[in-house]
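Here is a quick tour for anyone meeting this structure for the first time. Keep the view open and follow along.

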Amino acid sequence: MALYSEKVMDHFRNPRNVGVIEDADGVGEVGNAKCGDIMKMYLKIEDGIVKDVKFETFGCGSAIASSSMATELIKGKPVEEARQLTNQAVAEALDGLPDYKMHCSVLAQEAIEAALKDYESKKEE
Ligand SMILES: [Zn+2]
């Protein structure tokens with residue numbers, strides 16, 4: 001069995017939604033020490049819907065593929081659904097990740113959580 005699924009390789013080679021949203025409603029940045037991944041997630045939210053999402057990831061291929069897939073999964077979805085995205089769902093959408101790379105999908109989930117938290121705190125002001 002190949003180490004990475006074709007979907008992981010596809011999203012790693014052609015990541016979706018890479019970039020920065022200048023006037024983002026929520027920004028989340030997380031990192032992990034295990035393979036030195038740093039992930040920054042930008043959300044544009046209108047009427048409770050994730051209108052746009054972009055990310056920057058410095059890290060391993062799994063982290064890039066996970067954040068790319070995660071953005072695809074939440075784009076156009078209600079905030080409530082984005083909040084419930086799990087790293088398992090991201091890994092499943094990628095047709096699986098090697099066990100020792102699961103933490104990279106956790107990072108994608110945490111980056112979205114952090115961005116949503118930022119969005120909530122801005123909204124309360
Ligand atoms: Zn990683």
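## Hairpins and strands

Start with the hairpin that strand 2 and strand 3 make: 2 residues sit between the strands, and Asp47, in the turn, has a positive phi of about 50°. Bear in mind as you look around that this is a predicted model. Strand 2 and strand 3 run antiparallel and pair over 9 bridges. Across that pairing, Met41 stands opposite Phe55 in strand 3.

Strand 2 (residues 38-46) also pairs with strand 1, again in the antiparallel sense, this time over 6 bridges. Here Glu29 stands opposite Lys40 in strand 2. This hairpin has 6 residues between its strands, and among them Gly36 takes a positive phi near 70°.

In a regular strand, side chains alternate between the two faces of the sheet.

## The zinc site

Now for the metal. Which residues hold the zinc ion? Cys35, Cys60 and Cys104 each use SG, and Asp37 uses OD, at 2.0 to 2.3 Å. Angles among the 4 donor atoms run from 94 to 122°, and the site is tetrahedral. Along the chain, the donors are spaced as C-x1-D-x22-C-x43-C.

Asp37 sits in the loop between strand 1 and strand 2, and Cys60 in the loop between strand 3 and helix 2, so this pair ties together parts that are 23 residues apart in sequence. Are these two buried or exposed? Asp37 is buried, at a relative accessible area of 0%. Cys60 has 14% relative accessibility, and it counts as buried because the cut-off is under 20%.

## The nonpolar core

The largest nonpolar core has 31 residues, and those touching the most other members are Met39, Met41, Leu43, Ile74, Leu94, Ile112 and Leu116. Two or more residues come from each of strand 2, strand 3 (49-58), helix 2 (61-74), helix 3 (79-83), helix 4 (87-93) and helix 5 (102-124). Helix 5 gives the largest share, 8 residues.

Take Met39 and look at what it touches beyond four places away in sequence: the contacts include Gly28, Glu29 and Val30, then Glu56 and Thr57, and also Cys104, Leu107, Ala108 and Ala111.

## Helix 5

An α-helix has 3.6 residues a turn, so residues three or four places apart point the same way. In helix 5, the buried residues include Cys104, Leu107, Ala108, Ala111, Ile112, Ala115, Leu116 and Tyr119. Among the elements that cover the buried residues of this helix are strand 1, strand 2, helix 2, helix 3 and helix 4.

Most residues other than glycine have a negative phi.

Where do they sit? Asn17 lies in the loop between helix 1 (6-13) and strand 1, whereas Asp95 lies in the loop between helix 4 and helix 5. Asn17 is buried, with a relative accessible area of 14%, but Asp95 counts as exposed at 51% relative accessibility.

Notes:
Residues numbered from 1 in each chain as written. Predicted model: local features only at pLDDT ≥ 70, side-chain atom pairs only at ≥ 80, totals over all residues. Heavy atoms only, no water. Pairing = 2+ DSSP bridges. Helix = DSSP H or I, 4+ residues; strand = E, 2+ residues; numbered from the N terminus. Core = buried A, V, L, I, M, F, W, Y, C linked by side-chain atoms within 4.5 Å. Buried < 20%, exposed > 50% of the residue type's maximum accessible area, 1.4 Å probe, protein only. Contact = heavy atoms within 4.5 Å. Donors = N, O, S within 2.8 Å, 3.2 Å for Na, K, Ca; no water. Tetrahedral: all angles 85-135°; square planar, octahedral: opposite > 155°, others 65-115°.
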